[in-house]
Amino acid sequence: MPALVNYSGDDEIYSGGSFYTNSSDLGRLYSIGSRVDVYSPACKRARFSAPYLFGFEQNKRPSIEVLPDECLFEIFRRVPEGKERSSCACVSKKWLMLLSSIRRNEFCNGSAAAEENETVTAVLNDAEMVSCEENKEVESDGYLTRSLEGKKATDMRLAAIAVGTSSRGGLGKLLIRGSNSVRGVTNLGLTTIARGCPSLRALSLWNVPFVGDEGLSEIAKECHLLEKLDLTNCPSISNKGLIAVAENCLNLSSLNIESCSKIGNEGLQTIGKLCPKLQSISIKDCPLVGDHGVSCLLSSASSVLTRVKLEALNITDFSLAVIGHYGKAVTKLSLGGLQHVSEKGFWVMGNAKGLQKLMSLTITSCRGITDVSLEAIAKGSVNMKQMCLRKCCFVSDNGLVAFAKAAGSLESLQLEECNRVSQSGIVAALSNCGTKLKALSLVKCMGIKDMAFRMSVPSPCSSLRYLSIRYCPGFGSASLAMIGMLCPQLQHVDLSGLCGITDAGLLPLLESCEAGLVKVNLSGCMSLTDEVVSALARLHGGSLELLNLDGCRKITDASLVAIAENCLFLSDLDVSKCAVTDSGITILSNAEQLNLQVLSLSGCSEVSSKILPCLKKMGRTLVGLNLQNCSSISNSTIELLVESLWRCDILS
């Protein structure tokens, strides 16, 4: 042995040789294995100067890397949970992937560790025993959420998540949005999550083309607690993966499938039969999904299914008939882009009388929605409270009025791009909607034309609190005055994008609101002047909390003076692209009763750096300040504001 320690390079190292001539001595080192180089006398002087121990070459990897994966597996499964295991994962990619491939029940901290602890409890003091119990409690409580997006979504990061979250109660929710174009998420990454995170309850996969049935099947086999599954644009996942989820994840309560070209009727049929707790289903743009899959799913889960969303599917009237008959527990229904469903399908859905618990209905771009089918739906859904119609081009005034009469429980009505609905239809619907309607929203309804109402004023809708009329170019002052007379209890008014309304049309609405306006949005109403803002501040200053005047170019400092004098509870003010100046901002800052939290001055070219002291003064309450595109405010002023208003979020 001294000869080996004092070795200075006189001999060479040969693979497979020996430095023992006695066969018994040779046997002592034979167990090292043929992969290890051993010492033997040389016939030529070595050209290295560095010493060697036990025949390992200097440029070889560390000795533990020589061990096969089976040995490393046995070592790693005995590494304690927490920092020790995470430290091992940081050594190399090989160690990380090997650690992440070990299932949680394969680590030696389960029953074997528990038995071992029982044998040594006699020598542990009371403090140590309490500490152990507390650690177990912490590990079992709660779960974590992790999200990977774009370039960060790789198998390596998933492996790191699987190892790192195991000591923190386990991963509960995982969201993957997009995938790295070079090293994107594959089945391997999802497998590491499955084996390391059996406590997973929610999984969302968006735009992951390299994840297929194999990865989803691993999740299903290992994560039996899975409750929510979201698959969006996953072209490699087919019915096989969905069937695996149905067979292993009996707690599944929510399923969302969108743009998955390989998922069809077979997978949905199995989900309906084997998932007794399914409460929410959303299917969009899946070309292989048809009547058979949808009908089997709805009929099998009819007793528990409460939310249904079907969009851009190749289904016909038959599926809607099934919804109307078996949707006894459905409370929220959304149907969109169903080009093969006719008027008959919607009519049957309403007359089947099965949607008695339906409270919210949204229908978008369905040619089968007509006046007749709309009335049938209202009569068959007596408890409906929210109705939204988008791009339903065959609904006219007659259908809207008939629907309003039949839907006695309706609280919210939204019409978007329903171009056959006119001013008279809106007025008639308001007067016939009963006493429960609280919100009315009209968006881009081009059929509304501004005209004086010559008939007698119908009965008012005293229950309406929220009115939103946005981007309806035909809606003018005459229509607005009529709405004001019909709805005296308005509190929230949104008239954004109505270029045709003037002070003369809005003033009657402001004067007729008896309850006091709380939120008013007049953005894009370019014809309004200081007169209407002064009247608004005078009449509703005691209740007004939000005022948006973005793009009202005729608004000047006079409006800010009225706001400063009359508004007691205003917290959010937007005067972007208005003709306000430094003087107006100074007046606002001097109003003692005003406690603004959000102020937007974006695009106000007349506002300069001179308002710095004023903004600092208002900074005691401000949490949001928008100074974008303010050309007269210097960068140095912005920097001073950022330093002074450290609690305020400043956009510049």
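Good morning. I begin with two helices, H22 and H23, which are roughly parallel to each other, a label given to angles under 35 degrees, whereas over 145 is roughly antiparallel, 65 to 115 roughly perpendicular and the rest oblique. Please note that this is a predicted model, in which local features need pLDDT of at least 70 and side-chain atom pairs count only at pLDDT 80 or more, while totals for chains, interfaces and linings use all residues. Residues are numbered from 1 along each chain as its sequence is written, and side-chain values use heavy atoms, with hydrogens and water left out.

To return to the pair, helix H22 covers residues 557–566 and helix H23 residues 582–590; their axes lie 9 Å apart at an angle of about 5°. Axes here are lines fitted to C-alpha atoms, for helices over the stretch in contact, with angles from 0 to 180 degrees between N-to-C directions. Helices (H or I, at least four residues) and strands (E, at least two) are DSSP runs, numbered from the N terminus. On the H22 side, the contact (heavy atoms within 4.5 Å) involves Asp557, Leu560, Val561, Ile563 and Ala564, which meet Ser583, Gly584, Ile585, Ile587 and Leu588 of H23. Seven of the residues in this contact of H22 with H23 are nonpolar, two are polar and one is charged. In this classification, Ala, Val, Leu, Ile, Met, Phe, Trp, Tyr, Cys and Pro are nonpolar, Asp, Glu, Lys and Arg are charged, and the others, Gly among them, are polar.

A second pair is H14, residues 317–326, and H15, whose axes come within 7 Å and cross at roughly 10°. H14 and H15 are therefore also roughly parallel to each other. H14 contributes Asp317, Leu320, Ala321, Ile323 and Gly324, and H15 contributes Lys344, Gly345, Phe346, Val348 and Met349. Their contact has six nonpolar, two polar and two charged residues.

What covers the buried residues of helix H16? The covering elements include helix H15 (343–351), strand S11 (360–364), strand S12 (386–390) and helix H17 (397–406). Buried means under 20% relative accessible area, exposed over 50%, and partly exposed in between, with a 1.4 Å probe and protein chains only. In H16, residues 371–380, the buried residues are Ser373, Leu374, Ala376, Ile377, Ala378 and Gly380.

H17 is largely enclosed by the rest of the structure, because seven of its 10 residues are buried. They are Asp397, Gly399, Leu400, Val401, Ala402, Phe403 and Ala404. Their cover includes H16, S12, strand S13 (412–416) and helix H18 (423–432).

I turn now to a single residue. Ser441 sits in strand S14, residues 439–443, and is buried at 10% relative accessibility. Leaving aside residues up to four places away in sequence, Ser441 touches Leu413, Gln414, Leu415, Ser468 and Arg470.

How many disulfides does a search of the whole structure find? The result is zero, a disulfide being a pair of cysteine sulfur atoms within 2.5 Å. The sulfur of Cys249 is too far for a bond from its closest cysteine sulfur, in Cys223, at 7.2 Å. Cys249 is buried, at 0% relative accessibility. For Cys630, the closest cysteine sulfur is in Cys604, 5.6 Å away and again too far for a bond; Cys630 is buried at 7%.

Finally, the whole chain. It contains 25 helices and 22 strands, and 49% of its 652 residues count as buried. Among contacts with a separation of 6 or more, 81% join residues 24 or more positions apart.
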